[in-house]
Amino acid sequence: MNWLAHVFLSGENIDQRLGNLLADAVKGAQRAATRPEFQRGAALHRAIDAYTDAHPLVRRSRSRISAPHRRFSGVLVDVFYDFLLASDWRLYSNVTLDEFTREFYAQAKIARLTLPEAGRTVLDRIIQYDLLGAYRSVAGVEQSLRRLSLRLQQRWRRNFALETAVADLRAQEGELRSDFREFFPDLQAHLAAARSER
């Protein structure tokens, strides 16, 4: 799951939502200095990722990615699942995607003052370019994959072009949508059960 799903699955608490959204940007001592709700959100992020990565339906989705892109099938499926969530939003939420993102951004602008600089930088970019709402379009998926490619290039000092996999994802869209519609309620039920056990 990618940014949109992580925020959506976080519940109502803004600090927990931010922890879930920014878990990859705020780590170590910086995370330890954040509010407890932010840290719970970061733990939720890890739990979502672990459950998702191990799920047979997600593995089936990853197997649908063609050989030239299979090395990054996990990232590609995560991003495309956000596109599928955004395009099927009415199945999962009683408010529109625009209302959801508008309300989240408004709360996040206030809560951002409590974040370390790395978290504020990422959050500001998400809000400025409506990166959660952008998942509703194929162009938004391409942009997300282009940003990921740039980060990989900076880390590994070689060229990446994950956005070239969009044609492959679109070719498999019906099958991936079917996988997602079966998987996402499983993930929601798993998280609800975990919350009730606390």
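The model is predicted, so local features need pLDDT of at least 70, side-chain atom pairs count only at pLDDT 80 or more, and totals for chains, interfaces and linings use all residues. Residues are numbered from 1 along each chain as its sequence is written, and side-chain values use heavy atoms, with hydrogens and water left out.

**Largest pocket**
- The largest pocket has a volume of about 800 Å³. A pocket is an open set of points on a 1 Å grid over the protein atoms alone, where a 1.4 Å probe fits, with protein on both sides within 12 Å along at least five of seven lines; a volume is the space filled by probe spheres set on the points, which are joined across faces, edges and corners.
- It is lined by 27 residues, and N2, W3, D24, L148 and R151 are the closest to its centre; lining residues have an atom within 4 Å of a point.
- Helix α9 (138–156) gives the most to this lining, with seven residues; helices are DSSP runs (H or I, at least four residues), numbered from the N terminus.

**Second largest pocket**
- The second largest pocket has a volume of about 270 Å³.
- Among its 14 lining residues, F8, G11, E12, R17 and F100 are the closest to the centre.
- Helices α7 (97–111) and α11 (173–197) each supply at least two residues of that lining.

**Helices α2 and α4**
- Helix α2 (residues 14–21) packs on α4 at an angle of about 45°, with the axes 6 Å apart; axes are lines fitted to C-alpha atoms over the stretch in contact, and angles run from 0 to 180 degrees between N-to-C directions.
- In α2, the residues D15, Q16, L18, G19 and N20 meet residues of α4 including F38, L44 and I48, where contact means heavy atoms within 4.5 Å.
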